[in-house]
Amino acid sequence: MLVSGRMNAAIIKTLTNTLLALGFALGAGIVIGALLHRHRAVRDTLDPLFATYYAVPIFAFYPFFLVVFGLGDVPQILIAFMLGVVAVIVNTLNGLDRVPTVLLKTARTMRMSPLDTALRMTLPAAAPYILTGIKLAVAYAFIGVIGSEFIMSRGGIGYEISSHTRASTMRPCTR
């Protein structure tokens with residue numbers, strides 16, 4: 001099927017929606033994580049939400065998104081975004097929490113600007129955790145888009161899998 005090119009449109013549609021959702025999740029997740037790290041009271045308020053976020057089935061919001069945004073790619077992108085953004089936020093917070101204080105003291109001693117401190121000290125120290133969040137967001141974005149295509153879509157890899165599965169279970173027995 002790949003060699004024949006029949007799946008090219010479905011693959012492109014799924015990859016496009018996944019990359020859009022992933023881009024939004026990464027951008028929003030890193031920024032929100034950095035802001036929450038600076039505002040402890042807001043973070044303490046949202047920590048229980050982050051701890052229980054994946055207990056709520058995100059696909060339960062799909063009917064609402066269909067009503068608000070209609071059929072199309074927007075509900076799929078939103079579902080994938082919602083799945084991925086929390087992983088990025090949580091891992092960004094974990095990474096920023098684990099920046100050694102000696103790095104921050106060194107930056108103050110060297111009279112580095114806040115931007116230099118972030119770019120030369122904080123982000124490199126938090127990078128392994130942020131990259132873990134990015135890896136999780138990639139997986140969650142694919143799951144969100146393909147799962148949404150299973151539910152209600154006229155294209156994409158999830159739709160192709162779903163339609164082929166239905167077609168194969170409806171074939172008459174040839175005995």
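Trainee: In which helix do Asp116 and Arg120 both lie, and how many residues apart are they?

Mentor: Both Asp116 and Arg120 lie in helix H6, four residues apart, which is about one turn of the helix; a helix here is a DSSP run (H or I) of at least four residues, numbered from the N terminus. Please keep in mind that this is a predicted model, in which local features need pLDDT of at least 70 and side-chain atom pairs count only at pLDDT 80 or more, while totals for chains, interfaces and linings use all residues. Residues are numbered from 1 along each chain as its sequence is written, and side-chain values use heavy atoms, with hydrogens and water left out.

The side chains of Asp116 and Arg120 form a salt bridge at 3.9 Å, N to O, the term meaning a side-chain nitrogen of Lys or Arg within 4 Å of a carboxyl oxygen of Asp or Glu. Side chains of opposite charge can pair when their charged atoms come close. Asp116 is partly exposed at 30% relative accessibility, whereas Arg120 is exposed at 59% (buried is under 20% relative accessible area, exposed over 50%, and partly exposed in between, with a 1.4 Å probe and protein chains only).

Helix H6, residues 114-151, packs against helix H4, residues 74-97, at an angle of about 160 degrees, with the axes 7 Å apart; the axes are lines fitted to C-alpha atoms over the stretch in contact, and angles run from 0 to 180 degrees between N-to-C directions. H4 and H6 are therefore roughly antiparallel, a description used for angles over 145 degrees. The residues of their contact divide into 14 nonpolar, 11 polar and one charged, where Ala, Val, Leu, Ile, Met, Phe, Trp, Tyr, Cys and Pro count as nonpolar, Asp, Glu, Lys and Arg as charged, and the others, Gly among them, as polar.

Turning to H4 itself, 18 of its 24 residues are buried, so H4 is largely enclosed by the rest of the structure. Asp97, which lies in H4, is linked to Arg43 in helix H2, 54 residues away, and their side chains meet in a salt bridge of 2.5 Å, N to O. Arg43 is buried at 7% relative accessibility, while Asp97 is partly exposed, with a relative accessible area of 34%. These pairs are among the four salt bridges counted by this rule.

Technical notes. Helices (H or I, at least four residues) and strands (E, at least two) are DSSP runs, numbered from the N terminus. Angles under 35 degrees count as roughly parallel, over 145 as roughly antiparallel, 65 to 115 as roughly perpendicular and the rest as oblique.
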